[in-house]
Amino acid sequence: MTENLSEEQLKKKRKESLLDDATKELNEWTGDDTAVEIHLFRMFSEVFKRHDKDDADALFIVGTKTTTPSLSAVSSAPVKPWVFSRVLALLGLSFGLLTLLFLVFHSDKAVPGMVFIGSLAVPFSLAIMFFEINVYKNISVFQATEVFLIGGIASLVATMVLYQIIPSGNGVDLGSALTIGFIEETGKLLIIGYFINSFRVNYIFNGMLIGACVGAGFAVFETSGYTGEFGLVTLFVRSWQAIGTHTIWSAMIGAAIILAKGRHKPVKGKTMVRPKFLRFYLLAVLLHAGWDWQAPMPWLSDFDIQKWLIIIVGWIVIFVLIDAGLREVRTLQGQHIIN
């Protein structure tokens with residue numbers, strides 16, 4: 001059979017096999033033993049469809065006593081977020097107009113707005129995406145905003161405390177990059193765990209949302225700080241790179257905490273030494289370290305290959321966790337799981 005396949009088809013088949021192996025291994029960390037099919041176009045199919053204001057309002061009016069659905073009413077269908085794309089487009093347009101104001105009219109007054117909107121656009125839009133993905137609809141917009149703002153700042157404070165205790169080096173060699181990854185992911189972890197306990201949430205999608213909001217807040221304030229220090233070029237670079245950094249790394253950690261802590265139990269110290277948590281936490285640390293590390297292979301820097309590889313790996317993990325979240329819904333509802 002394989003003899004009849006073209007070289008191109010064989011390459012495609014090998015890639016699919018590698019992806020299946022990777023998702024199967026990651027899925028075993030969540031408690032299942034099957035490969036996860038990744039359907040990008042299906043997941044984002046609603047982005048390209050027309051939606052009216054009422055559709056968007058319905059997605060945001062959730063999380064209160066009267067708008068949180070019962071478990072039996074929660075949807076276990078594949079998630080199809082779309083509002084985040086409208087938020088991203090709105091922020092992107094705002095940033096474009098501010099940039100125009102700066103470049104054409106040479107108005108320095110546009111710079112603070114550029115820094116704010118440019119830092120906010122991608123991380124905040126991703127946080128909205130995870131808000132849509134939370135099919136339990138048990139966390140309100142106000143709560144998510146609280147985690148985004150207070151959690152983002154608190155995680156920076158926790159990180160700075162850890163930096164005072166642990167020497168981090170120059171940030172570019174492997175040992176230093178690993179230390180920075182450990183410090184920053186641990187700083188965010190402490191705040192994510194606090195909010196999971198505070199909100200008393202118990203579902204994978206809840207953990208992903210809280211983690212994403214903390215990570216998004218962290219990313220926004222960090223990028224603003226770096227832009228103030230190094231200039232607007234930093235803003236343009238870090239803005240697009242935010243699609244695969246703090247927000248999704250923290251979403252992994254939030255989901256891992258839920259997987260490890262046990263249903264209706266608080267996050268405790270012993271939660272952090274369980275394999276279900278440690279695997280995803282260490283993966284987030286390694287992805288972060290890989291992002292900062294200046295690898296001794298110059299070709300990895302060409303066209304940001306190193307960054308793109310890390311972004312792809314990060315999103316594969318997110319897709320596996322989304323699949324685990326939907327499987328959790330079906331399990332809780334007593335439905336038969338069809339892979």
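1. Let's start with the order of elements along the chain: the pattern reads α-α-α-α-α-α-α-α-α-α-α-α. In other words, the secondary structure consists of twelve helices and zero strands. The radius of gyration is 20 Å, close to the 20 Å that the globule rule gives for 339 residues, so the chain is as compact as a globular protein of that length. Please keep in mind as you read on that this is a predicted model.

2. A word on the overall dimensions. Taken along the principal axes, the box filled by the C-alpha atoms is roughly 60 × 60 × 50 Å. Of the 339 residues in the chain, 47% are buried.

3. Residues 203-221 are 95% helix and 0% strand, with end C-alpha atoms 28 Å apart. Residues 241-260 are 80% helix and 0% strand, and there the end C-alpha atoms lie 30 Å apart.

4. Helix α10 deserves a point of its own. This helix covers residues 246-261, 16 residues in total, and spans 22 Å from its first C-alpha to its last, close to the 22 Å expected at 1.5 Å a residue. Is α10 buried or exposed? The count is 16 buried residues of 16, so α10 is largely enclosed by the rest of the structure.

5. H264 has a positive phi near 60 degrees although it is a residue other than glycine. With a relative accessible area of 62%, H264 is exposed.

6. K137 is another residue other than glycine with a positive phi, in this case near 50 degrees. You will find K137 in the loop between α5 (111-133) and α6 (141-165). Its relative accessibility is 35%, so K137 counts as partly exposed.

7. Now to the surface. A nonpolar patch is formed there by L93, L97, L100, L101, L103, V104 and F105, which together have about 700 Å² of accessible area. One of its members, V104, belongs to helix α4 (residues 83-105). V104 is partly exposed, at a relative accessible area of 47%.

8. Next come the charged pairs. Side chains of opposite charge can pair when their charged atoms come close. How many salt bridges does the structure hold? The total is eight. One of them joins E46 and K49, whose closest N and O atoms are 3.3 Å apart.

9. Another salt bridge brings together the side chains of E222 and R238, at 2.6 Å from N to O. This pair links distant parts of the chain, with E222 in helix α8 (residues 204-230) and R238 in helix α9 (residues 232-241), 16 residues apart. E222 is buried, with a relative accessible area of 11%. R238 is partly exposed, with a relative accessible area of 22%.

10. Which residues are linked in a network of salt bridges? They are D32, D323 and R327. Within this group, the side chains of D323 and R327 meet at 3.6 Å, N to O. D323 and R327 are four residues apart in helix α12 (residues 305-332), so about one helical turn separates them. D323 is partly exposed, with a relative accessible area of 24%, whereas R327 is buried, with a value of 10%.

11. Finally, take a look at helix α1 (residues 7-30), where T30 lies. T30 counts as buried, at 7% relative accessibility. From T30 to S17 the separation is 13 residues in sequence and 20 Å in space, C-alpha to C-alpha.

Notes: Residues numbered from 1 in each chain as written. Predicted model: local features only at pLDDT ≥ 70, side-chain atom pairs only at ≥ 80, totals over all residues. Heavy atoms only, no water. Helix = DSSP H or I, 4+ residues; strand = E, 2+ residues; numbered from the N terminus. Patch = residues over 30% accessible without salt bridge, like charges linked within 9 Å, V, L, I, M, F, W, Y side chains within 5 Å. Areas by Shrake-Rupley, 256 points an atom, 1.4 Å probe, with all protein chains shown as cover. Salt bridge = Lys/Arg side-chain N within 4 Å of Asp/Glu carboxyl O. Buried < 20%, exposed > 50% of the residue type's maximum accessible area, 1.4 Å probe, protein only. Expected span 1.5 Å × (residues − 1). Rg over C-alpha atoms; globule rule 2.2 N^0.38 Å.
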